[in-house]
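Reader: Could you walk me through how the two chains of this model meet? I would like to know what the terms rest on.

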Amino acid sequence: MIEIDVDICTGCEKCVEVCPVDALYMEDGIAVLKEEECISCGACVSACPVDAIEPVIEAQEASELSKYEGVWVFAEQHDGTLKETGPQLLGKGRELADELDEELCAVVIGNDIEDTAEELFAYGAEKVYMVEGPVFEEYSTEAYTAALARLISKYEPNVFLYGATHLGRDLAPSVAGRLGLGLTADCTGLSIEEVEGRKVLQQTRPAFGGNVMADIVCPNSRPQMATVRPHVMSPIEPDFERDGEIIEEGVEVHEDMISKEVLEILEPERAGEIPVEEADIVVTGGRGVGDCREDFGLLEELADLLDGTVGCSRPIVEEDIMPKAKQVGQSGKTISPNLYIVCGVSGAIQHKVGIRDSDHIVAINNDPDAPIFEMADFGIVGDVEEVVPALIKKLKNSEE
Amino acid sequence: MRFVVLVKQVPDTTEVEVDEETGTIIREGVPSALNAFDEFALNVAVDLKEELEEEVEIIALTMGPPQADEALNKCLAIGADKAVLLTDKVFAGADTWATAVTLGRALKNIGEVDMVFAGQEASDGNTAQVGPEVAAHQGIPQVTYVAEIEEFDPDEGNIICKKETDEGHVMMKTDIPVLLACMPKPSFEPKIPNVKEIMKAKKKPTEEWGYEDLGGDEEDYGLDGSESVVMETYSPPPKGEGIKVDDKPEVAVDRLVEFLDEEGIL
């Protein structure tokens, strides 16, 4: 629903033109709303040149909503190692919690994870809710959903953030569906805004592969939940002296409740290399680099020189040239390094979405019209096998 | 056996623009298509049906405006046996949860369903939420990021599929009924229906259901049934024009190193 300030309205009729359901009409030179027709799409709010139209959020049981307190973050872990999304979300969560004057809490689920839970205090968590047990050792949608549904119902947090990883995008909608909550996917911005005298979480997210941005709120359900794109938020400087309270919550999940079973892990994580999502400098190769592992040697040499790591585009993983863990892009890793050098990748939208938050993008491609150049800060039109060796030579010379 | 495939009609491009004056997405002249992720899911379902000895009915189910029947016609030509279009003014403005409730009630209407297939996400909203929310609404398990089906044992009532994880891939076994959210490889080549299949599709049944067919109150659907509300849509801030060098490799590389120096990277 919207509200029209009759003192500001100039009668320009822009709102009437854009309303998709003809809920607005003019009367005495002022816009009037047919309330029963309005679908609260916000089109008229954006269209009004004089800001005479404001969205109105219907406060349902406002008294109920205010009892939900605290900014919560789901901290993923794998075999006791904390994933980066937890600290990143805590970084943003700290700001939100301060703005709301509420507590910042983390949730961690697994088996034998007390040390992992302790680590979260360093990144700003004041309390850590921990659910432990053998049934939580490996991720399962059912067990983790059950644990989070219990925690949410019992402790009633105000905001609940998840990383938009494969796991987060499996778990969060399952929890939202279980509890009938609003959920905003893959956010790149979060802020606290005052709407109708209440502080709400405004979630900003891209749609249409990043060509459109939308600001979204969940006015009537708590917690306000969102998945957040990895690497968009920054963790605070960790302080391992900081302490907090661990609240262990017993959640019983029977084995029969879990209808799924992992039979085989096909590509285990590779040890010893800097993961692409953690590297400061990433050199990525696509089809234009070549069709075998050896062709990527050139990129590895360049990455080594720069103390970076090598990544690749999706087709390279499909053709089994590089492991899945190296894949950069929407269906692989979302990254935001200081320097991203992208070689022989045309720049499909799925790739661009995964790298758009990189600080500097350098593209090398022999097709001058390759879409990747549209987002490059520095582009070189040329063959990878000529440009990269020239760059290696130049870097080596300047080192000496 | 009965499979239901959840599909969505989407703009046939992600290159949409926001009208700077009105803040709405420009839809004029943008053609529609069956969401590619859903097309993959349908192909997975059709391939599985062909492998099975027993009779399988595949129903393509969508919620959308009346024109969404175009996407359903395509599904029928690809191999769905029946199509159901959920269309009603009441459904307009639905977020992922209200969409999941609507699809979930339609699934209940359909009756016994052994498998639900969905695309991992839609190319317009990219939320990847409707599939899991439907599974939660139905109280059935979900497997997301499904790359392929390895083995299906209808007698034992389970299925083994290969799915993507953050670390790589795993083989996962799950009981049916289950919802599989399918993630196509870029190399996926959709089945292109021939003239005979298109003609045959025209004889296949399509049903239209409104909110009265699904039951419940009007408030359960569309914008009223939604928990999330879009406040505003707009174009992302433009990225400044970059430098582009089309010259000999040595020259290009010199300028690149200069640029990296200026930016304080080297």
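Author: Here are some questions about the contact between the chains, with their answers.

This is a predicted model, in which local features need pLDDT of at least 70 and side-chain atom pairs count only at pLDDT 80 or more, while totals for chains, interfaces and linings use all residues. Residues are numbered from 1 along each chain as its sequence is written, and chains are lettered from A and ligands numbered from 1 in the order in which they are written.

Reader: What makes strand β14 of chain A and strand β12 of chain B a pair?

Author: Strands pair if DSSP finds at least two bridges between them. Five bridges join β14 (residues 212-217) of chain A to β12 (residues 229-234) of chain B, so they pair, running antiparallel. Here D215(A) stands opposite E232(B).

Reader: Why are α11(A) and α7(B) called oblique to each other?

Author: Their axes, lines fitted to C-alpha atoms over the stretch in contact, with angles from 0 to 180 degrees between N-to-C directions, come within 9 Å and cross at roughly 50 degrees. Angles under 35 degrees count as roughly parallel, over 145 as roughly antiparallel, 65 to 115 as roughly perpendicular and the rest as oblique. The two helices are therefore oblique.

Reader: Which residues of α11(A) meet α7(B)?

Author: They are E386(A), V387(A), A390(A), L391(A), K394(A) and S398(A).

Note on methods:
Helix = DSSP H or I, 4+ residues; strand = E, 2+ residues; numbered from the N terminus. Contact = placed C-beta atoms within 7 Å.
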